[in-house]
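Trainee: Before we look at the model, I would like to go through the terms used for it and ask what each one rests on.
Mentor: Go ahead.

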Amino acid sequence: MRHFLTTEDWSRGELQALLDRARALKAGASSNALAGKSIALVFFNPSLRTRTSFDIGATQLGGHAIVLDAKGATWPMEFADGAVMDGDEEEHVREAARVLSRYVDLIAIRCFPKFQNWAEEKKDPLISAFAEHATVPVINMETIVHPCQELALMLALQERMGGVQGKEFLLTWVPHPRPLNTAVANSAILIASKFGMNVRMLIPDEVYRLDDRYMGAAERYCAEAGSSFTVTTDVEAAYSGADAVYAKSWGALPFYGKWEGEAPYRAKGKDFMITPDKMAMTNNGVVSHCLPMRRNVKIADAVVDSPAFLGIEEAENRLHVQKAMMEALALQGER
């Protein structure tokens, strides 16, 4: 039984098969892969696109989605092995995962890190515990990576650009009033490198380098594909000739959970908003963001409202790639 926790566990060929199936579903192909089946959507954090696209996607596949608000409508949950549960947590994931597995055919989890201890939170403990104890496939709706967003982005790039092998992909840090999760940034470099793009990462300071696991994976994928992976603080060098620009803000890991020390480094990126002048340096590049997005903080209106912006297509593609992925997981072993 396979889960969908990270694209690191899936080959490029397997991921391309999901993208091809998503494209067919988007074009009108029908599927009843979830007929008589159900999926539990367990949200420990807010959502708009993820909740909507999974719920509708399950319905379009003939199934039923049960949405569980784990921050208020279900019991507070413990996931650590050997925990003495004398605090607020009423239920352990060992029981929750096994009970849900008796009710549903798929379990999807959205759980952001708590911004307390990266050494522990980088292990993705809650969804890993669900995957360990569930007896049905578990899907990552965003934890420390966002694999569904990766597929939606890659489908949007392929739709607009055709083949992406050897194209120039820029992940740029952009301003935000507060530090955010690194999940989408991690995922952006994973999927771009796995599909053979030349990956550039623009950051305001070296403290914004991502976790070694994802930097190392991106370097390895690029090496395997014969492409390149570079990190720079030079805005002009980063944008020059880029075919695709991806915007994301994230917190600096050396200050994880102690964000007050990050302020002077964050200030270095105050001019990193994506503007028409920066896009003019690209190779008529496209630009996207995972959404939600703060206009005129991360990306200027003139860029968001231009034909170059792929954010709406990427968001729509969440529905189709997730349908393809749910279909593949629900039917594994039946073909």
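**Terms set against values**

Trainee: Why is Cys 111 called buried?
Mentor: Cys 111 has a relative accessible area of 16%, and buried means under 20%, with exposed over 50% and partly exposed in between (1.4 Å probe, protein chains only). Cys 111 is therefore buried.
Mentor: This is a predicted model, in which local features need pLDDT of at least 70 and side-chain atom pairs count only at pLDDT 80 or more, while totals for chains, interfaces and linings use all residues. Residues are numbered from 1 along each chain as its sequence is written, and side-chain values use heavy atoms, with hydrogens and water left out.

Trainee: What makes Cys 290 buried or exposed?
Mentor: Its relative accessible area is 8%, so Cys 290 is buried.

Trainee: Which strands are the edge strands of the open sheet?
Mentor: The open sheet has five strands in the order E9-E8-E7-E10-E11, with parallel pairing. Its edge strands are E9 (229–232) and E11 (286–288), each of which pairs on one side only. Strands are DSSP runs (E, at least two residues), as helices are (H or I, at least four), numbered from the N terminus.

Trainee: What makes E7 and E10 a pair?
Mentor: Two strands pair if DSSP finds at least two bridges between them. Strand E7 (residues 168–173) and strand E10 (residues 244–248) have five bridges, in the parallel sense. Thr 172 stands opposite Ala 247 in E10.

Trainee: What counts as a cavity, and how many are found at 30 Å³ or more?
Mentor: On a 1 Å grid over the protein atoms alone, a cavity is a set of points where a 1.4 Å probe fits but cannot get out; lining residues have an atom within 4 Å of a point.

Trainee: Which element gives the most to its lining?
Mentor: H7 does, with four residues. The lining of the largest cavity includes Val 184, Tyr 246 and Glu 314.

Key:
1 Å grid on protein atoms, 1.4 Å probe; cavity = no way out; pocket = protein on both sides within 12 Å on 5 of 7 lines; lining within 4 Å.
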